[in-house]
Amino acid sequence: MTLRTIVWKEIWQRPSAVATCVLAILLGVAALVAIRHVTVFAEREVGRQLQTLGANILVLPKAASLQDYYSADQNGMTLPEEHVSQIMLAGLTGVEKLSPRLCVPAALEGAELTLVGILPQAEFQTKEAWQTVTLFQKKAHVGCKKASCGPKPEDSSPEALATQRTIEQLRDHEIVVGADVGQQLRLKPGMSVDLLGDKFQILAVLPPTGTVDDGRIFAHLHIVQKLAKSGEVVSAIEVMGCCEDAAGDLVPQLAELLPDSRVVTISQVVQTQVGVNRLMARSSLFVLVVLVLVGGISVASAISSNVRERRREIGTLMALGATPRFISGLFLLKAAWLGLAGGVGGCIVGVALAVWLGPQWAGVAISPLLDLAAIATVVALTITLLAAYWPARQAARLDPCTCFQEV
Amino acid sequence: MFRLENVSKIYSRRGSEVRALCADSLEIPTGSYVAIVGPSGSGKSTLLSMLGGMLSPTLGRVWLGDVSLYDLSVVERARLRREKIGFVFQTFNLVPYLTAVENVQIPLCLSGMPSDDQFARAAALLERVGLAERLNHRPSELSIGQQQRVALARTLANSPSVILADEPTGNLDAESRRVVLDFFDELHRDGCTIVMVTHDAIAAEKADRQLSISNGAVSPLFGEQPAKAA
Amino acid sequence: MKRNIAILAYALAICASAITRPALAQRAAGAGNSQQALAAAARDQKYTFIVFYKDNGPATQATAQVVQSGVDSRSDRATALFVDANSPAEKALVDRFGVSRAPMPLTIAVAPNGAITGMFPKKVTDEQIGNAFVSPTMAQCMKSMQEGKIVFVCIQPSASDEIPPAVQDFQRDPQFQNRMSVVSFRVTDAAEAEFLQQLKIDAATVRQPTTAFLAPPGVLIGKYGYTATKAEMAAALHKAGQCCDDPNCKHAHGPQATKNSDAKRN
């Protein structure tokens, strides 16, 4: 028989009495953990996008709306392909690569998907030479200061499209298949498929990117334009800046160069997400406050009620020689276990919720963050102990003579 | 063993004072068996609480041996109760969610005895009071008499030298009453000091000395009684 | 009276466009010989101003007029060529300059050595036409850089034709020998005065061969004296892989950046 045993047996005497308490803490912790998980991963995703795409700019049709960077080219509107040449000819500082894209709907083996026409970088070779002319032009600005005589650090394999968002070489009747399409239709490099009434050979299947590109097929832009009968248009032009500094200056220059287009940066794209993340971070703070209040009040009330119910028992224990510390320990230990149960249970539920709903709420995959769960549990524990402190102290100061009170 | 010096306990309630106890000088020698008789509300429980170190007097001092009880701290008094005093309650005051053996283990737990030793001693005590087969029964699964015997076993757990009993036979039938009173006789013979508060005349006759308490005032019952022959 | 003048002006405009249209069409009729015309101009050491067009709209008409008049006023060193970018016969030329999807009308200035010295989309001015004429050395530099080569421009004082030792080291280095070119000119050459000015080199201060180091797509890596070492210049070339001073710029490469693993340019 120990203090622990007494508390444990007392809890299990009437588990329903503590269930409400535990539930209040559990729900609060679950909400807190779920929101924090989604917030953390959403912020990481934003950070990752800013890091990988931070220097990227999208040139879109004027009226295009923008929810997500990766599917920005699926806006259903187009702009002239000649804008690409205009950007190259303008010799703007900081333009490293251009990637014009045209998205058209297509079907492959009964599966509806998006066929994306992209221009391989090899076709820009001639255009890059255009920039030489600006060296000796009497113009106020110079072209990109970067000397392109060094080796490109990027991978020139077709699979590099997944990470670099450009492809070096892609012949007329070659296609590159997104990871999900490849898996779903069991497509492999070398296979031949029919798209929009023409035969194509699969050059490569991309590794998963976690973006809409996984569900797409990529072909040469001009072939797609021809097959879709769209004319010399593109859905979007992705401008890869060499760094964020240069990209920042590029935006107004591009806007001036292409007044009939909409120029957006990844920062603007993620602005909404940043706002949502900020809101979620504040929400998690709000939930914490609610947890403290509701959970704390619930625990304080439950422990106070428990003290009142057990007055005779407390008096008896004092008569038997229990110290005030022992008496308060009975209630603090009980509160600690309630807090621990609520905290651990809440973490499990919260993590499960986040893993399940995170991809739907924020479009990010979520994995459990053990340190976050640990912190949430500690917070729950602290709240319950603080809430139980006063009732426990009151119990320790009870008049022991209650043991002599007649029933 | 017990000595009360000009002790009084006064409660103030709603602007008026209530004198719950008044004992100018009261001595209860070591090894004596004292019955305190009085009607309900006469101050019996107040006196018992004061003797048990659980209720400090408004005036005066209470001595247990050469220790002034209320000059000790709360923790020291608790320790004193653990080591020297055993209580027997009218309503047994068993912890409802603990089994018989666990109830008896409580004082042993409070005194820091290891768990295994606690069980062994508790089981032995329950066997002594004839409840060897009821170790794992909860109080709700025991009869009134059995509950009182569990309470007795608990009282004896730490081998107290003083027993303070509050109406120990109040809720018992004749047979159970006899068992309890026989137990007290046995403890008395072993040298234990027993102070029993009761309004049961039969129980009171078992004691060596009978005191009367009325409106808080303690006085001998029918004058001083000669000590009973052992 | 005013009404009559307006009618007359309108009629003149109609006639002018009617005259121009056939002229453009006439030039276009000889489109199959565009490549030959280009080659002939090169032989004659003349610049060719090629106007690529897809339609005969006002922008095309205006550009054609400006180019024609600009070329006419410089007929000793320039010629004009009008190319219908939609014509299958002109596909080779269009592909050569990669202008099939360029904004039209597009005027390209081609030096006698084949270097593109100016590209003017949508419209062109006479001043731009004038600026497209560059010095022979500039034309050579642009040609080399358009071929993806690094260029060492050796500015020689009057009395010496020596190529600086560092440049010779580059020439001997297998990593660089196939992707570099060396052009030289005398500092006293009047034709290169403007180039010297562009390079911000004071002719009076050139006592020994000086090297201006250029890299595609038109970056001046640096200017080096005779005693500069290959290592110094190679380091500068490596550093030129950065496009700006941002330390987080992804082009902050390690020394291996100067190793020749770029198959694209070669």
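**Aromatic rings and cores**

Mentor: Phe152(C), Phe170(C), Phe176(C) and Phe213(C) are joined by ring pairs into a cluster. Rings of Phe, Tyr and Trp (its six-membered ring) pair if their centres lie within 6.5 Å; planes under 30 degrees apart are stacked, over 60 edge-to-face, and the rest tilted. Keep in mind that this is a predicted model, where local features need pLDDT of at least 70 and side-chain atom pairs pLDDT 80 or more, while totals for chains, interfaces and linings use all residues. Residues are numbered from 1 along each chain as written, chains are lettered from A and ligands numbered from 1 in the order written, and side-chain values use heavy atoms, without hydrogens and water.

Trainee: How many aromatic pairs are there over all chains?

Mentor: The count is 11. One of them is edge-to-face: the ring centres of Trp8(A) and Trp337(A) are 5.3 Å apart, with the planes at 85 degrees.

Trainee: Where do Trp8(A) and Trp337(A) sit in the chain?

Mentor: Trp8(A) is in helix α1 (residues 3-13) and Trp337(A) in helix α11 (residues 324-361) of chain A, so the pair links distant parts, 329 residues apart. Helices here are DSSP runs of H or I with at least four residues, strands runs of E with at least two, numbered from the N terminus.

Trainee: Switching topic: which residues have the most contacts inside the largest nonpolar core?

Mentor: Val239(A), Phe49(C), Phe52(C), Phe97(C), Val99(C), Val153(C) and Ile155(C), in a core of 101 residues. Such a core is a set of buried Ala, Val, Leu, Ile, Met, Phe, Trp, Tyr and Cys residues joined through side-chain atoms within 4.5 Å. A second, separate core has 56 residues, including Phe331(A) and Val95(B).

Trainee: What about chain A overall, how much of it is buried?

Mentor: 56% of its 407 residues count as buried. Chain A has 12 helices and 11 strands.

Note on methods: Buried means under 20% relative accessible area, exposed over 50%, partly exposed in between (1.4 Å probe, protein chains only).
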